[in-house]
Amino acid sequence: MKSLLSIFTYSVMTLFIFSCSSKTTAEEITEEIADNGTEDDNPPNILLIIADDMGLDATPNYPIGSIKPNMPNLEGLMANGIKFNNVWANPLCSPTRATMLTGKYGTQTGITRVAQTLVSSEHILQNDMSNYNTALIGKWHLSTDASQPTTMGIDYFAGILNGTVQDYYNWSLVENSNSATSTEYVTSKLTDLSIDWVNAQDDPWFLWLAYNAPHTPFHVPPSNLHSQGDLPIDQASIDANPLPYFLAALEAMDSEIGRLLGAMSAEVRDNTVIIFIGDNGSPNQVAQEYDRSRAKGSIYQGGINVPMVLSGQGITRTNIEENSIINATDLYNTILELSGNSTNSNTDSKSFKNVLTDSGVGSREYAFSEVSYNDDTLDYTVRSATYKYMLFRNGTEALYNLDLDPLEITNLLDNALSEAEMEIYNELTSELQEIVN
């Protein structure tokens with residue numbers, strides 16, 4: 001039993017605290033606690049949407065490319081969030097997915113081209129999110145082992161093991177290691193699975209939704225999902241002019257993103273962070289403005305500078321263009337911070353959470369990307385805020401001022417460098433050597 005003295009002391013302290021506070025009612029005190037609460041009090045759901053082969057030239061509201069798809073849902077996310085201009089991925093899908101999943105460059109994971117296998121012992125993002133239910137729905141493309149996603153620590157996997165499907169209307173669906181043929185349009189089926197999984201969650205969730213659209217084969221989506229009109233379905237017509245089919249696939253994806261968001265309750269939607277990103281540049285058959293040899297598969301901007309949009313819970317900057325340098329690796333620690341978990345220092349990931357609420361510069365000084373070939377030679381590139389250095393597998397080099405030359409027309413190394421340019425060259429080559437060695 002408390003002594004009279006302790007009761008008296010407690011009462012005096014309580015009166016003192018309340019008398020010194022500007023909050024004088026229980027309701028006001030409750031409001032203050034809510035205002036000063038941490039993200040751990042109510043962790044946000046996190047939805048990561050990956051588009052397959054969608055470059056800046058195929059994305060609304062980016063200045064590259066003149067023919068754009070109609071994507072009102074993506075544009076809505078831009079209007080209510082942040083559009084990032086300087087995001088680098090890898091030029092092919094498997095390496096980019098590996099960097100996002102592990103937070104590490106391909107130099108550490110060994111995934112620098114397609115058809116390479118990510119070792120199952122690799123530590124992945126979902127391992128650091130034990131307070132979340134996690135799912136990966138859609139494209140895996142990091143091995144042909146149907147059990148690998150769940151073995152590595154993802155709670156639920158359903159989707160596509162390979163890099164693409166042969167037919168968007170007839171394809172192999174893997175769900176938690178079991179394979180079956182699906183005749184439902186891929187983009188719609190992946191959305192159905194996502195809606196079902198989200199609706200079944202009672203705890204905070206992280207959904208990695210990896211659409212395979214708009215990756216080849218170019219095709220005609222269901223007519224109610226796109227606005228490209230009555231497109232011919234014969235292969236000769238598609239081959240002769242693939243761009244409208246590519247755009248139709250993007251529009252179908254956007255329609256299904258809208259359906260997914262619309263299926264969420266207002267409470268769930270309001271407490272969800274949405275991240276949209278492309279995994280590499282557009283395919284050379286449909287590339288706009290970029291030279292075809294400098295689109296998907298290359299370390300030029302057309303291959304690695306990808307769209308990214310963040311919107312939703314906790315993102316207070318809206319209808320903003322952000323120019324901070326971001327690597328696809330950086331999603332790892334950013335998602336951990338958003339989820340209230342500790343960041344992982346054993347990665348190449350740098351969180352950019354600060355720019356979601358403040359206009360300051362992000363934490364990354366340099367971005368890096370690479371691609372390898374079947375003979376294990378590699379092309380490397382590194383950039384600062386303004387300049388980009390490239391080292392090709394045959395030993396040739398390039399240096400570009402991206403502010404003045406975003407399409408990389410003038411290689412500064414073709415002429416004698418100024419003293420200032422030589423300092424930049426030395427700085428970038430030194431940074432590259434530090435990363436790859």
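Mentor: What follows is a talk about the sheet and some of the helices in this predicted model.

Trainee: Okay, the sheet then: how many strands form it, and in what order?
Mentor: The open sheet is formed by 10 strands, which lie in the order β6-β5-β4-β3-β7-β1-β8-β9-β2-β10, and the pairing among them is mixed. Its edge strands are β6 (178–182) and β10 (320–327), each of which pairs on one side only. From one strand to the next, the twist averages 15°.

Trainee: And which helix packs on the sheet?
Mentor: Helix α7 packs on it, touching β3, β4, β5, β6 and β7, and the direction of α7 makes about 175° with that of β7.

Trainee: How do β2 and β9 run, and how many bridges join them?
Mentor: Strand β2 (residues 81–88) and strand β9 (residues 305–312) run antiparallel and are joined by six bridges. Within that pairing, Phe84 stands opposite Met308 in β9.

Trainee: Back to α7, what span should it have, and what does the model show?
Mentor: Helix α7 covers residues 186–199, and because each of its 14 residues counts for 1.5 Å, it should span 20 Å, which agrees with the 20 Å between its end C-alpha atoms.

Trainee: Is α7 mostly covered or mostly open?
Mentor: It is mostly covered, with 10 of its 14 residues buried. Among the buried residues of α7 are Val186, Leu190, Leu193, Ile195, Trp197 and Val198, together with Thr187 and Ser188. The partners that the buried residues of α7 pack against are β3 (133–139), β4 (156–160), β5 (171–175), β7 (205–210) and α9.

Trainee: Switching topic, how many residues of α4 are buried?
Mentor: In helix α4 (residues 93–102), 10 of its 10 residues are buried, and these include Cys93, Arg97, Met100 and Leu101. The buried residues of α4 pack against the strands β1 (45–51), β3, β7 and β8 (272–278), as well as against the helices α5 (106–109) and α12 (331–338).

Trainee: What comes after α4?
Mentor: Gly103 follows α4, and the phi of Gly103 is positive, near 75°.

Trainee: Last one: where do α3 and α9 meet, and at what angle do they cross?
Mentor: The axes of helix α3 (residues 72–79) and helix α9 (residues 243–263) come within 7 Å and cross at roughly 60°. On the α3 side the contact involves Pro72, Asn73, Leu74 and Leu77, which meet Asp254, Ser255, Gly258 and Leu261 in α9.

Trainee: Which classes of residue are in that contact?
Mentor: By class, the contact of α3 with α9 has four nonpolar, three polar and one charged residues.

Note on methods. Residues are numbered from 1 along each chain as its sequence is written. This is a predicted model: local features need pLDDT of at least 70, side-chain atom pairs count only at pLDDT 80 or more; totals for chains, interfaces and linings use all residues. Side-chain values use heavy atoms; hydrogens and water are left out. Axes are lines fitted to C-alpha atoms, for helices over the stretch in contact, and angles run from 0 to 180 degrees between N-to-C directions. Helices (H or I, at least four residues) and strands (E, at least two) are DSSP runs, numbered from the N terminus. Contact means heavy atoms within 4.5 Å. Ala, Val, Leu, Ile, Met, Phe, Trp, Tyr, Cys and Pro count as nonpolar, Asp, Glu, Lys and Arg as charged, and the others, Gly among them, as polar. The expected span of a helix is 1.5 Å times one less than its number of residues. Buried means under 20% relative accessible area, exposed over 50%, partly exposed in between (1.4 Å probe, protein chains only). Two strands pair if DSSP finds at least two bridges between them.
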